[in-house]
Structure formats: C-alpha cells, structure tokens
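Reader: I have a fold on my screen and want to learn to read it. Where do I begin?

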Amino acid sequence: ALTRQGISSQLVAEFVAEWIARDDELAHAELWDACCGRGGKTTALLEKGVNVTLASDPAQFRLNELKNAVARLALPEPRLSSYPS
C-alpha cells in the first residue's frame with residue numbers, strides 16, 4: 001500500500017497536516033483540496049487524519065485516479081468534483 005510522490009509534495013502534506021493538528025479549530029474543520037490532481041497530497045493528508053471532505057480538479061481522469069487511490073489505500077473518499085478547464 002505505497003504511493004509514489006515527489007519529496008516536495010510530501011513535505012507540503014506533512015507541513016499542512018502538522019499545522020492543522022496544532023489548532024483545535026482546524027483539526028475539526030473540513031478541508032477542500034481545490035486542485036487535487038491525481039490525489040497524492042489528498043491521500044497523504046487523509047492518511048494523517050486530516051478531514052479532507054472535497055477534492056476537485058478540471059480533469060476527470062485525475063479524479064478517477066484519486067478515487068482508485070483512496071480505494072486501494074482503504075481511506076475515506078472525499079466528495080469529488082470536476083470543473084471546466
């Protein structure tokens with residue numbers, strides 16, 4: 001159950017997850033990944049327990065890859081939304 005991801009993306013996810021965890025209000029807030037791509041940071045945040053409830057991207061094929069990733073990793077699936085590019 002591994003996911004390939006660049007180090008810079010991983011570091012962003014680590015930083016955001018730690019920042020959210022330090023703030024009680026943020027720790028219970030819903031998060032929107034507004035340009036999720038294939039979902040590397042989305043899944044990393046979900047693995048850290050961040051409440052990602054919406055993920056969106058203009059490319060439907062990327063959202064399909066995110067959907068496959070959360071299923072493969074047995075993570076909660078956020079609502080997925082495509083928007084026109």
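Author: We will take a pocket, a residue and a core in turn. Keep in mind that this is a predicted model.

Reader: How much space lies in the largest pocket?

Author: Start with the general idea. Rolling a probe the size of a water molecule over the atoms shows where empty space is left. Here, the largest pocket holds about 450 Å³. It is lined by 24 residues, and Gln5, Arg38, Gly39, Gly40 and Lys41 are the closest to its centre. Two or more lining residues come from each of α1 (7-21), β1 (31-33), α3 (40-47) and α4 (60-72).

Reader: Which classes of residue make up the lining of the largest pocket?

Author: The lining has 9 nonpolar, 9 polar and 6 charged residues.

Reader: Now a single residue. Is Thr43 buried or exposed?

Author: Thr43 sits in helix α3. Its relative accessibility is 3%, so it counts as buried; the cut-off is under 20%. Look past its neighbours within four places in sequence: Thr43 contacts Leu66, Ala69, Val70, Leu73 and Leu75. As for Arg72, it is 29 residues from Thr43 in sequence, and the C-alpha atoms are 11 Å apart.

Reader: Which residues have the most contacts inside the largest nonpolar core?

Author: The general idea again. In soluble globular proteins, nonpolar side chains tend to be buried together. In this model, the largest nonpolar core has 15 residues, and Leu45 and Val50 have the most contacts inside it. At least two residues of this core come from each of α1, α3, β2 (52-57) and α4.

Reader: What does Val50 touch beyond four places in sequence?

Author: Val50 touches Ala17, Ile20, Leu31 and Leu45.

Terms used: Residues numbered from 1 in each chain as written. Predicted model: local features only at pLDDT ≥ 70, side-chain atom pairs only at ≥ 80, totals over all residues. Heavy atoms only, no water. 1 Å grid on protein atoms, 1.4 Å probe; cavity = no way out; pocket = protein on both sides within 12 Å on 5 of 7 lines; lining within 4 Å. Points joined across faces, edges and corners; volume = space filled by probe spheres on them. Helix = DSSP H or I, 4+ residues; strand = E, 2+ residues; numbered from the N terminus. Nonpolar A, V, L, I, M, F, W, Y, C, P; charged D, E, K, R; others polar. Buried < 20%, exposed > 50% of the residue type's maximum accessible area, 1.4 Å probe, protein only. Contact = heavy atoms within 4.5 Å. Core = buried A, V, L, I, M, F, W, Y, C linked by side-chain atoms within 4.5 Å.
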